[in-house]
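Here is a friendly walk through the structure shown below. Keep the viewer open as you read, and follow along one region at a time.

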Protein chains: 2
Amino acid sequence: MATIEDVAKFAGLSRTTVSRVINDQPYVSEDKRVRVEDAMKALGYVPNSSARRLRSQKTETIAVLLPRITNPFFNHLIESMEMKASEWGYQVIICQTHNLPDKERDYLELLRKKQVDGIIMTSLENEWEVVEEYLQSGPIVLCNENVSTAPVPVVHIDQEKAAYEATIHLIENGASEIAFLQGGHDSYVFRDREKGFLKALNERGISPIETELFSSAVDVKSGRELFHQIQAHYPSINGVFAGSDEMAAGFIYEAVKAGVKVPEDILVIGFDNQAISMLMNPSITTIEQPFQKMAGRCVELLVQQVEQGYNLKHEEHVFPHRLQSRVSTSRQTNLVPL
Amino acid sequence: MATIEDVAKFAGLSRTTVSRVINDQPYVSEDKRVRVEDAMKALGYVPNSSARRLRSQKTETIAVLLPRITNPFFNHLIESMEMKASEWGYQVIICQTHNLPDKERDYLELLRKKQVDGIIMTSLENEWEVVEEYLQSGPIVLCNENVSTAPVPVVHIDQEKAAYEATIHLIENGASEIAFLQGGHDSYVFRDREKGFLKALNERGISPIETELFSSAVDVKSGRELFHQIQAHYPSINGVFAGSDEMAAGFIYEAVKAGVKVPEDILVIGFDNQAISMLMNPSITTIEQPFQKMAGRCVELLVQQVEQGYNLKHEEHVFPHRLQSRVSTSRQTNLVPL
DNA sequence: CGTATACATGAAAACGATTTCATTAAAATG
DNA sequence: CATTTTAATGAAATCGTTTTCATGTATACG
């Protein structure tokens, strides 16, 4: 492959001048500019990315950490992130942690190796203290998980309020014993939602049931399993707050199969307003997050820090959510949604 | 940040020796090795990725091109690709083309810039001749789209046979006028499936209807729109071959809403065996592709070419598909699936 | 005991760009 | 016209590694 040196020789000029042309810098005469451009074309020259990165100490690449890309919430987030990054001239490296702290650390190392300019974390598997170390090597933006002590920008909805509203919605539609079904492992999202959930129960004089429900994730499979756990151990439950629409869908799928009626026997609410929540029969009431906007903001905040420097301060970017009411929580009608 | 030079000075040794330790090379005595390791630890040294890439002419990064990550077929593919790549020590850059030829070319340029070692294309927006040029800069593996003249490994199922079997299945379950609904733009997948579709019709003495149905994609929205187009212009159609489960789900959603019964009035078959095909009511008959295996093979083939060199020859890797029969094509029972 | 052979080490070249600095020529200024 | 500015150019340093090559020392061999 041709190097800048080859181009320079071919054009009878110096590397410096060629570099100036490549980078659209001033102080190069028109005739030389043309000569360089011709030479580049003739040799099929393309600047070598590695050399550029080394010299300029920039990679124009960011890493996005997430549990797994098949989760619709995360692939919607990353779709928008990739588009926004592309607008800014940045590439996106996809990093699936599968909820493993070690994998997360491996990917954070990309920052120390200077393989990426910055990182967006949409989930958190290590203690924040572990992650904080990496801020020495480059900026980090937190999406979704709101660590209130983290000296970085955090982008999220008000999870507590959303969960509170969802729970109130269940109660007002007739639920009196409600299960809180969130993905297996502890997280800030989990805790914030649980807080809102308990606040609503408390406010309405409902005592929380101490359940021993377990699910490893917020996917369809978990929802299906949890239906059977509830049937077996907590048959009196008549309301379900699910951590995702997929989980709600899995739950409803098994309920329908078992002849348990939603919403007549159990009210179900999901989260994220994914396609599935509209398509299911009964359709699923859910909380909508403006993920495109959140994703865009994350990228903007990160790129800004990369290009203009960053200082360690906590900065919250809270986006509005919206409750989308559908059949799964509606005691009045129970047929096809509008 | 500390460089290899700093480590060398700290340890009182040369860069060369430090490099040997980093890369686990022989010819370094045990005491020196320890001294280097201590120095690295003391200085918090991590090798700079850009410098490494420049010197070794390797990036240990691959790019995966796809239309959009929110399409479940593609995010399932890329989930497995990322995992496999990670096993081999490679990073994955995600490249959404949104079906735009220009965007595709932009991403192919990553190969010329030496920003990636190789590329996996899961879709094709340019003429193959355009793409072929890039083979000068690095290996490419084609997934899904089977360009029979392309001198690269291609990984796919037998789309023609799958479509043929799906169509026969519709016919044997009573469909006599069948619409072929595939995503908007022309593609090899499209053509192969259409071939199989027409072969089945022809074999069973059914003349294809010349429809003017248009959809821009294979997503839920397209499926919904197409239902209405069919209702309005081709009311006699009683069978639908949809290019994806999402499309089939959108179609069925609108059908149910309009009081058209599936499968009684129209039989519907989808593609990919995504979660949605099981969750819908009626559940959707579909064709399953072994995408984990296909994804894994793609990465293996690419990495192998990166590390051991590649020669330009066409090489087909065909994987088995499977028809999963469900309610949407079953005239006998029409209630809850098993 | 002389001579291959393997082991250990470091100086310097290389990877391919960008950037600093020096130099010269041309234009503007008083 | 002398002097300051501005424009145009290139030589060489730099980014941080890996690799080649040279050199020295210990070990094995006949």
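Predicted model: local features only at pLDDT ≥ 70, side-chain atom pairs only at ≥ 80, totals over all residues.

## Domains of chain A

On the domain 2 side that touches domain 3, helix 5, strand 5 (153–157) and helix 13 (291–308) of chain A each supply at least two residues. By class, that side of domain 2 has 7 nonpolar, 5 polar and 1 charged residues. The contact itself involves 13 residues of domain 2 and 13 residues of domain 3 of chain A.

An unreviewed UniProt entry carries the annotation "domain: HTH lacI-type" for residues 2–56 of chain A. In the model, residues 2–56 of chain A are 69% helix and 0% strand, and the end C-alpha atoms of this span lie 20 Å apart.

Strand 6 and strand 7 (residues 239–242) of chain A run parallel and are joined by 4 bridges; here A:Ala179 stands opposite A:Val240 in strand 7.

Chain B has an open sheet of 3 strands in the order 6-7-8, and the pairing is parallel. The edges are strand 6 (178–181) and strand 8 (267–269) of chain B, each of which pairs on one side only. Neighbouring strands of this sheet are turned by 15° against each other on average, direction ignored. Strand 7 (residues 239–242) and strand 8 of chain B pair in the parallel sense over 3 bridges, and B:Gly239 stands opposite B:Leu267 in strand 8 of chain B.

## Where the two chains meet

Chain A and chain B are in contact through 38 residues of chain A and 38 residues of chain B. On the chain A side, helix 4 (49–56), helix 5 (72–87), strand 2 (91–96), helix 11 (245–257) and helix 12 (275–279) each supply at least two residues. Helix 5 of chain A gives the most, with 6 residues. The residues of this side of chain A divide into 19 nonpolar, 11 polar and 8 charged.

## The surfaces near the DNA

Which residues come nearest to DNA strand D? Of the 26 residues around DNA strand D, these are A:Ser14, B:Ile4, B:Ser19, B:Asn48 and B:Ala51. Helix 4 of chain B has the largest share, 5 residues. The surface near DNA strand D divides into 9 nonpolar, 10 polar and 7 charged residues.

DNA strand C is surrounded by 25 residues, and the closest are A:Thr3, A:Ile4, A:Ser19, A:Ala51 and B:Ser14. The elements that give two or more residues to the surface near DNA strand C are helix 2 and helix 4 of chain A together with helix 2 and helix 4 of chain B. Helix 4 of chain A gives the most, with 5 residues. By class, the surface near DNA strand C has 9 nonpolar, 10 polar and 6 charged residues.

## Backbone details worth a look

Two cis peptide bonds can be picked out in the loops. In chain A, the bond from A:Val262 to A:Pro263 is cis, with omega near 10°, and A:Pro263 lies in the loop between helix 11 and strand 8 of chain A. In chain B, a cis peptide bond joins B:Asn281 and B:Pro282, with omega about 5°; B:Pro282 lies in the loop between helix 12 (275–279) and strand 9 (286–288) of chain B.

Another backbone feature is at B:Asn144, which has a positive phi of about 85° although it is not a glycine. B:Asn144 is in the loop between strand 4 (140–143) and strand 5 (153–157) of chain B.

Methods: Residues numbered from 1 in each chain as written. Chains lettered and ligands numbered in written order. Pairing = 2+ DSSP bridges. Contact = placed C-beta atoms within 7 Å. Nonpolar A, V, L, I, M, F, W, Y, C, P; charged D, E, K, R; others polar. Near = placed C-beta within 6 Å. UniProt positions renumbered as here; feature names shortened; annotations may be inferred. Axes fitted to C-alpha atoms, helices over the stretch in contact; angles between N-to-C directions.
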